[in-house]
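Dear colleague,

I am handing over the structure we spoke of, and below it you will find notes on what turned up when I went through it. Please read them with the model open beside you.

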Amino acid sequence: MERRDGRTRQLAGLAVLLAAAVGVACYAFGRRKAELNVPLLDGSTVTVVPGVHLLGGIGPSAAYAVETADGLIQIDTGLDEDAQRLKAELAAQGLDWKKTRAVFLTHVHGDHSGGAQHLRTETGARIHAGQADAPMLVAGGPRDAFFSTFKMPNQSLHPTTVDVALRGQEIMTFGDVRLQVLATPGHTAGSTCYLVERDGLRLLFSGDVIVRMGETPLGTYSTYLAPRFGGNAQAYLESLQKLRTLPVPDLILPGHPNASVGPQSPQLDQEQWETMLDEGIRDMEVLTARYAAGGARFLDGVPKRLLPDLYYFGDFHGAAVYGLFSSSQFFLFNAPGGPDGSGLREFLKQQLETLGLKPTEPTAVLLTDCGKMETAGLPQLVVTGPVNVIAAPSAVDTVKKLCPPGTTVTTIDQMPDKNQLSLTAVPLHGRGVAPIAYQIRWAGNTVLISGQTPIVIDAQSRAALQAELTQSESGATDYINSLRKLAQIQPDLWLPFLPVDAQNATMTEATWKTMLDKNFRAASEIGQQGR
């Protein structure tokens with residue numbers, strides 16, 4: 001018994017020592033990770049850790065160079081076809097671009113792949129890319145695949161040789177550096193992350209799967225676009241679930257660090273890593289469920305049924321046209337027209353026939369704005385029959401002057417059969433002529449039909465917004481107040497007067513919040529500039 005007890009004590013002591021050693025190792029690892037001396041990333045060129053360099057002067061994206069005993073590994077190559085800015089940034093870091101041995105593209109988008117072919121021609125470096133993006137790289141098109149919805153008219157397309165089409169899970173070594181390929185489709189069909197091990201650190205080069213650190217880090221915007229732009233919600237969901245199984249990398253190096261709100265650390269702890277991915281997983285679960293239930297409702301110019309008896313007829317002279325049938329009533333939203341105001345009736349007839357519906361004259365036109373674009377087709381539309389026109393109270397007299405004598409122009413409160421629509425008018429201010437949005441509860445969904453508030457923010461739409469909001473001292477403030485009203489609504493479908501780039505009408509809580517946040521930010525900046 002005594003010998004057994006002694007051996008037991010020895011084993012217990014050994015276990016304690018082993019546990020302590022493991023604890024010290026974990027503590028040391030945790031301390032080493034916490035104490036990594038890495039700069040905050042703001043998109044400027046910087047050495048992240050010795051031998052790993054962020055090349056940020058090539059905008060709008062970033063590229064990375066990894067030094068190995070065999071030469072340079074280049075992760076993405078920027079927008080320039082001749083890679084001139086990339087070469088300059090490498091030189092600024094004391095690196096010789098001619099020593100590039102391999103190029104790894106995270107995805108097909110031109111701001112990541114533009115300089116790859118030039119580097120290959122000049123250095124003999126082999127180009128690696130995700131298998132599903134390779135055909136488009138090799139073909140040099142189509143344009144939507146390379147630039148998505150971004151307007152880059154001065155950028156031309158060119159074929160890029162893909163020497164190695166990656167399936168995922170490949171492991172490659174370059175001297176002292178180990179690189180693992182992670183197939184992470186969703187942002188594009190062939191989006192790929194690279195997990196690089198160098199000097200005891202695990203570095204994740206995420207491309208636009210994780211587009212930035214900090215606020216809205218994931219590049220899921222492409223999953224809300226029409227399929228021709230390459231995004232896929234189900235694939236993105238599965239990619240995030242795959243990343244969720246990994247221990248947090250020591251450093252996460254995203255595709256657009258310059259897009260973060262302020263400088264951001266490339267380090268996350270395990271909880272932050274899981275939280276970031278879990279939020280994206282939830283968003284993609286919601287979106288895929290909506291798509292599965294018929295929620296892939298792209299405003300791409302093709303007429304389609306959005307909900308029972310609610311239709312998108314396509315675009316007419318740059319404006320979206322929507323219609324709703326209820327009982328024997330046909331409610332049309334807005335009345336755009338050509339330069340002389342003609343053609344709307346013929347357009348409606350053709351689109352109704354395309355949808356397999358009987359051509360029908362509208363019984364009411366609900367205006368989201370009383371400006372020229374929204375009302376151009378009104379005079380000819382109402383001339384042949386009794387059509388009620390619904391406008392904001394302050395614009396009723398103005399709209400009456402546009403219509404033939406005897407046309408009934410009223411407010412929403414005076415509209416016949418209003419109650420059968422479960423319709424609420426939301427008066428807005430800031431831009432346009434007596435703008436108003438309509439909130440409709442229809443087929444179990446909340447539908448928001450609006451004019452030019454809010455908008456999809458891009459360079460062109462922001463310039464137009466600025467031009468209009470600066471026409472009055474209160475323009476920006478009024479617009480922001482209108483956004484606050486709309487923030488009280490959570491639409492399942494958002495149907496704007498001016499859809500952009502085949503946007504998806506289906507809204508999740510996250511996408512609606514992001515949309516409004518971008519409008520808030522733009523209006524706030526415009527207001528500050530005007531002071």
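The lining of the largest cavity is made up of three nonpolar, four polar and two charged residues, where Ala, Val, Leu, Ile, Met, Phe, Trp, Tyr, Cys and Pro count as nonpolar, Asp, Glu, Lys and Arg as charged, and the others, Gly among them, as polar. Please bear in mind that this is a predicted model, in which local features need pLDDT of at least 70 and side-chain atom pairs count only at pLDDT 80 or more, whereas totals for chains, interfaces and linings use all residues. Residues are numbered from 1 along each chain as its sequence is written, and side-chain values use heavy atoms, with hydrogens and water left out.

On the cavities, a search of the whole structure finds two of 30 Å³ or more. A cavity here is a set of points, on a 1 Å grid over the protein atoms alone, where a 1.4 Å probe fits but cannot get out, while a pocket is an open set with protein on both sides within 12 Å along at least five of seven lines; lining residues have an atom within 4 Å of a point. Grid points are joined across faces, edges and corners, and a volume is the space filled by probe spheres set on the points.

The largest cavity holds about 40 Å³ of space, and its lining consists of Thr 368, Asp 369, Leu 428, Arg 431, Pro 435, Ile 436, Gly 451, Gln 452 and Thr 453. For the second largest cavity the volume is about 40 Å³, and among its lining residues are Tyr 64, Asp 76, Phe 205 and Pro 254. The elements giving two or more residues to that lining are β11 (201-207) and β12 (251-254), and the largest share, three residues, comes from β11; helices (H or I, at least four residues) and strands (E, at least two) are DSSP runs, numbered from the N terminus. By class, the lining of the second largest cavity divides into six nonpolar, four polar and one charged.

Two or more lining residues come from each of α13 (459-469) and β23 (493-496), with α13 giving the largest share, three residues. Nine of the residues lining this pocket are nonpolar, four are polar and four are charged.

Helix α7 may also be of interest. Its 12 residues (233-244) should span 16 Å at 1.5 Å a residue, and the end C-alpha atoms are 16 Å apart, which agrees; the expected span is 1.5 Å times one less than the number of residues. Its buried residues, including Tyr 236, Leu 240 and Leu 243, pack against β9 (177-183) and α8 (270-295). Buried means under 20% relative accessible area, exposed over 50%, and partly exposed in between (1.4 Å probe, protein chains only), and contact means heavy atoms within 4.5 Å.

Two single residues complete these notes. Gln 351, in helix α9 (residues 344-354), counts as buried because its relative accessibility is 9%, and, not counting residues up to four places away in sequence, Gln 351 touches Pro 303, Phe 313 and Gly 314. Thr 375, in helix α10 (residues 372-375), counts as buried at 6% relative accessibility; leaving aside neighbours within four places in sequence, Thr 375 is in contact with Ala 335, Leu 367, Asp 369, Cys 370 and Leu 402.

With best wishes
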